[in-house]
Amino acid sequence: MFAIAGLALGILIGVFVDPTVPVWLQPFLPVAVVAGLDALFGAARAWLEGKFHDRVFVMSFFWNVVVACLLVWLGTQLGVGQAMTTAVVVVLGIRIFSNTASIRRLIFKA
Amino acid sequence: MTRGTHGRQREPVSTPVEQSQDPAASMSLLNQLLMNPLDAGYEAWVDPPESRQVRWGYRLLVLLLALALGVGLTFAVRALRVPESASLRSELLERARERQMVVTELEAEVADLSTQVNAHVEAQGTGSSATDTPLALSTATSTVTGPGLFVTLKDSQDADAASRPGGGAVRDQDLRMVVNALWAAGAEAISVNDNRIAPGTFIRTAGSVILVNVTATEAPYEIRAIGDANALSTALVRGSTGDYLSSAESVIGISVSASAQSSVTMVGTDLQVLRYARIIDSSGGQ
């Protein structure tokens, strides 16, 4: 409850504030956004299954974003930045797809 | 992930293969794809025994963290969105207009400050261009009125203007020839489209507009001069200037017309560049 409210409020604040993202953060933005989306869909599925806990949601969001950015950073250090970004986005995309499939089953069959 | 959740499940909805002692536990990615289990965190959640304060403390922490994540997510999404090329042009136009407004404001501020400076200098009473009339005239810093001449240069209005050299437009050298001829004939003050010509003023083309100092002007160009109207208008038709203007009229198609005026007024300009200043320590002054 608090997590969703906090997230919604944060998004609202982000819409009205106009920041400039520093240049060194630019390569990490796509994976961070996709990791956040994965956590969001996982939370939606958990909520539909009746197992949602906001602490788990926030921790999974945070952890996903951190791990995804770390992997991409490691990849850029090793020279495989683009490939690593692709791999992270592919895996997160697969998880998003499977979570949304469960959501679909839960909504339209339950 | 598998070992941590092994002994703490409540009621497993599905029994993923990874929960047992599977030697291929490290292949959990493929298992995840096949079995599609819920995220392990939600699956294994047990309400921990906490006091109320700790629980509210955690709730506050969750709220703040969620706020930060929401803000970060929106920043990232906004930074990633690429503007469409159609709006890029209007964006550049907007920025150009904003900068132009800033320039106009600064010019107004400069004019305001210079009048204040002149007022202070006059109060001092020391000789300066503000009080010394001949000096003010030659440096074009004061408002002047007197009989004079209006000279109007227009772009070519013919139907075949586009085929003429330069598109039939008045060029900066045409304006310069007129202004120089007027000075030589004894004009005391000249302005082009209400821009006063001071000793350091230049008339140059930049791109497709003619700049007088740094102000853009456009056709038709009205040059006002204070002086003897007869002498001034004669200077425009005789001599090398007369030849130049008549050839410009025939080749490029511009039109030059002059009319005498009994009273011409033009304001002064203050484009002094400060190169050297010394604070005078006087008893009553500032």
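**Helix packing and the A–B interface**

Student: In this predicted model, at what angle do the axes of helix 1 (residues 2-16) of chain A and helix 3 (residues 54-78) of chain A cross?

Tutor: The axes of helix 1 and helix 3 of chain A come within 8 Å of each other. Their crossing angle is roughly 45°.

Student: Which term describes how helix 1 of chain A and helix 3 of chain A lie to each other?

Tutor: Angles under 35 degrees count as roughly parallel, and those from 65 to 115 as roughly perpendicular. The axes of helices 1 and 3 of chain A cross at roughly 45°. The two helices are therefore oblique.

Student: How many residues of the contact of helix 1 with helix 3 of chain A are charged?

Tutor: Helix 1 of chain A brings A:Phe2, A:Ala3, A:Ile4 and A:Leu7, which meet A:Asp54, A:Phe57, A:Val58 and A:Phe61 of helix 3. Seven residues of this contact are nonpolar and none is polar. The number of charged residues is one.

Student: How much area do chain A and chain B bury between them?

Tutor: The contact draws 42 residues from chain A and 35 residues from chain B. Carbon and sulfur atoms account for 73% of the buried area. The area buried between the two chains is about 3,500 Å².

Student: Which residues in chain A lose the most area to chain B?

Tutor: Three residues together make up 22% of what the chain A side buries. They are A:Phe2, A:Lys51 and A:Arg55.

Student: How many salt bridges does the rule find across the interface of chain A and chain B?

Tutor: The rule finds four residue pairs in polar contact across this interface, both residues at pLDDT 80 or more. For salt bridges across the interface, the count is zero.

Student: Which element gives the largest share of the side of chain A that touches chain B?

Tutor: Elements giving two or more residues to that side are helix 1, helix 2 (29-49), helix 3 and helix 4 (81-109) of chain A. The largest share is eleven residues, and it comes from helix 1 of chain A.

Student: With which residue does A:Asp38 form a salt bridge?

Tutor: Eight salt bridges are found over all chains. In the one formed by A:Asp38, the closest N and O atoms are 3.1 Å apart. The pair links helix 2 to helix 4 of chain A, across 57 residues. The partner of A:Asp38 is A:Arg95.

Note on methods: Residues numbered from 1 in each chain as written. Chains lettered and ligands numbered in written order. Predicted model: local features only at pLDDT ≥ 70, side-chain atom pairs only at ≥ 80, totals over all residues. Heavy atoms only, no water. Axes fitted to C-alpha atoms, helices over the stretch in contact; angles between N-to-C directions. Helix = DSSP H or I, 4+ residues; strand = E, 2+ residues; numbered from the N terminus. Parallel < 35°, antiparallel > 145°, perpendicular 65-115°, else oblique. Contact = heavy atoms within 4.5 Å. Nonpolar A, V, L, I, M, F, W, Y, C, P; charged D, E, K, R; others polar. Buried area = accessible area lost by both parts, 1.4 Å probe. Salt bridge = Lys/Arg side-chain N within 4 Å of Asp/Glu carboxyl O. Polar contact = N/O pair within 3.5 Å; in protein donor to acceptor, adjacent residues only side chain to side chain.
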